[in-house]
Amino acid sequence: MPEALDALTKSLLQAATNAGAHAADAMAITASSVSIEVRGGALEQAERSEGTDIGLRVFVGQRSASVSASDTSSRTIEEMAERAVAMAREAPEDPYSGLADPDQLSARRDAEGLELYDATPEPSPEALQDDAARAEAAALAVKGVSQVQSAGAGYGAQEIYLAATNGFEGGYARSERGLSCVAIAGSGTGMERDYDGDSRIFQADLRDAQDIGTRAGERALARLDARKPPTGSYPVLFDERIAASLIGHLLGAINGQAISRGASFLRDAMGEQVLPEGLSLIEDPTRIRATGSRPFDAEGLPTQQRAIVDNGILQGWTLDLANARKLEAAPTGNAARGTGSGPQPSNWNIALTQGDASRDDLISEMGTGLLVTSMIGSTINPNTGDYSRGASGLWVENGEITHAINECTIAGNLRDMLRAMIPANDARTHLSRVVPSLLVPGMTLAGA
């Protein structure tokens, strides 16, 4: 890890100690990014940013405070420490706050072997513009596409370093390369749009620009001539692109912060069935070339593979140190934070057991119902799991897609939906959330 970030965090810790902090941890992040957008084959927008952010969290007894800055001068560091200690002295006591004990800390202090950073040269703005232009051209080549709303390419890199007065020091680098395209089909009030895109750690893994543009155009075309669906109870198939949102609700419900507050529809579900028998939900922060991977969490605790749900049965909460202490449980190495905030529980790479059937098989088997390809808005009660969202997609009649659907609402209860869902086998395994298309029988549709 660059010596500069190491020196910055140590300076922050020393300043905090000098200012009267009993304990502290510090984070330093350097980031650079470049993004390009094209329109009509010409450059529309180009942006580049570089900077360093530093953050300091201090403890005065059981009181704590966090501060951050983008100026790394010695004067700023001293002022940050003095301000943080003054703030902490005025903060209410929290019996659950505090750093990890030294014997809890991760022995791993870097990301060697995880392949989170592409060491090949940063792509030039010209190369990014060419990728975006090729995606736009491919979308426009799809018959029926009238225009491309946006086509963009970007690159970003980060270096992250964490140090604390409990003896932890560690850091690692990340990189990301992305390409996206939003195509519009039709004209006037009948226009519809859809998108495609890809984001990878390694440039060599990124999908081809032409494929992305073509798929964006085809998806926009499929949304033309949309109608409202009939109102009633129908099976709903969540397309792979949005199916992870259902699992996201489960993850939110087993987040330690929600559990410790009692604000979760799964607060009493430990050891109970929350998914169909045979399905497991595995978290693995050690997956190679996955954006959710990390060698340690934001409190210096080790990350590790664990079964959140095993064979349908809920096995554990997602915990940082403070919420683990509140719940009298062991932390799970899931603390996340920015430079200006304290840790909160967050999940890393997630994979749901995939099914045996393809998405097309589920479409054939569902009879008559809705294939949801996009959603807007939401009314979700975290305490009861009551679920209602605006949706659009494709109508399925007798096992075949017949026409596009928009302006409808789908509703149900998440507890029931999660226990009844049927997975396809189409999940993209490079994503941080590997979730296939999910069929949920018997949801309520409100349309025409």
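Okay, some housekeeping. Residues are numbered from 1 along each chain as its sequence is written. Since this is a predicted model, local features need pLDDT of at least 70 and side-chain atom pairs count only at pLDDT 80 or more, while totals for chains, interfaces and linings use all residues, and side-chain values use heavy atoms, with hydrogens and water left out.

Let's start with the record. UniProt, in an unreviewed entry, puts "domain: Metalloprotease TldD/E central" at residues 121-224. UniProt positions are in the numbering used here, feature names are shortened, and annotations may be inferred rather than shown by experiment. For residues 121-224, the end C-alpha atoms sit 42 Å apart, and the span is 29% helix and 44% strand. For residues 231-447, the end C-alpha atoms are 5 Å apart, with 19% helix and 35% strand. Helices (H or I, at least four residues) and strands (E, at least two) are DSSP runs, numbered from the N terminus.

Now the inside. What does the largest nonpolar core look like? It has 46 residues, and those with the most contacts inside it are Phe238, Leu275, Leu281 and Ile410. Helix 5, residues 240-253, gives the most to this core, with eight residues. A nonpolar core here is a set of buried Ala, Val, Leu, Ile, Met, Phe, Trp, Tyr and Cys residues joined through side-chain atoms within 4.5 Å. Buried means under 20% relative accessible area, exposed means over 50%, and partly exposed is in between, with a 1.4 Å probe and protein chains only.

Helix 5 is mostly covered, by the way: twelve of its 14 residues are buried. Those buried residues include Glu240, Arg241 and His249.

Back to Phe238. Leaving aside neighbours within four places in sequence, its contacts (heavy atoms within 4.5 Å) include Ala243 and Leu246, plus Ile410, Met417 and Met443. There is also a second, separate core of 25 residues, and that one includes Ala16, Ala21, Ala65 and Tyr161.

On to charges. How many salt bridges does the structure hold? The count is 28, where a salt bridge is a side-chain nitrogen of Lys or Arg within 4 Å of a carboxyl oxygen of Asp or Glu.

One to look at is Arg337 with Asp25, at 3.1 Å, N to O. This pair links distant parts of the chain, 312 residues apart: Arg337 is in the loop between strand 11 (335-336) and strand 12 (344-345), and Asp25 is in strand 1, residues 23-39. Arg337 counts as buried because its relative accessibility is 13%, and Asp25, at 2%, counts as buried too.

Then there's Arg207, which has two partners to show you. Its side chain meets Asp196 at 2.6 Å, N to O. Asp196 lies in strand 6 (residues 192-200) and Arg207 in the loop between strand 6 and helix 4 (209-222), so the pair ties together parts eleven residues apart in sequence. Both Asp196 and Arg207 are buried. Arg207 also meets Asp211 in a salt bridge, at 2.9 Å, N to O, and Asp211 is partly exposed at 31% relative accessibility. Elsewhere, Glu192, Asp194, Arg223, Asp239, Arg241 and Arg359 are linked in a network of salt bridges.

So which charged residue is buried yet has no salt bridge? That's Glu299, whose nearest side chain of opposite charge, Arg57, is 4.2 Å away. For that, Lys and Arg count as positive and Asp and Glu as negative, while His and the chain ends are not counted. Glu299 is in the loop between strand 8 (281-283) and strand 9 (306-310). Its side chain does reach the backbone nitrogen of Leu321, at 3.0 Å. Other residues in contact with Glu299 include Ala100, Leu105 and Pro343.

Last stop, backbone angles. Most residues other than glycine have a negative phi. Arg289, not a glycine, has a positive phi of about 60°. Arg289 is found in the loop between strand 8 and strand 9, and is partly exposed at 32% relative accessibility. Glu328 also has a positive phi, about 55°, and is not a glycine either. Glu328 lies in the loop between helix 7 (321-326) and strand 11, and at 76% relative accessibility Glu328 counts as exposed.

How values were computed
A polar contact is a pair of N or O atoms within 3.5 Å; within protein, one must be able to donate a hydrogen and the other to accept it, and residues adjacent in sequence count only if both atoms are side-chain atoms.
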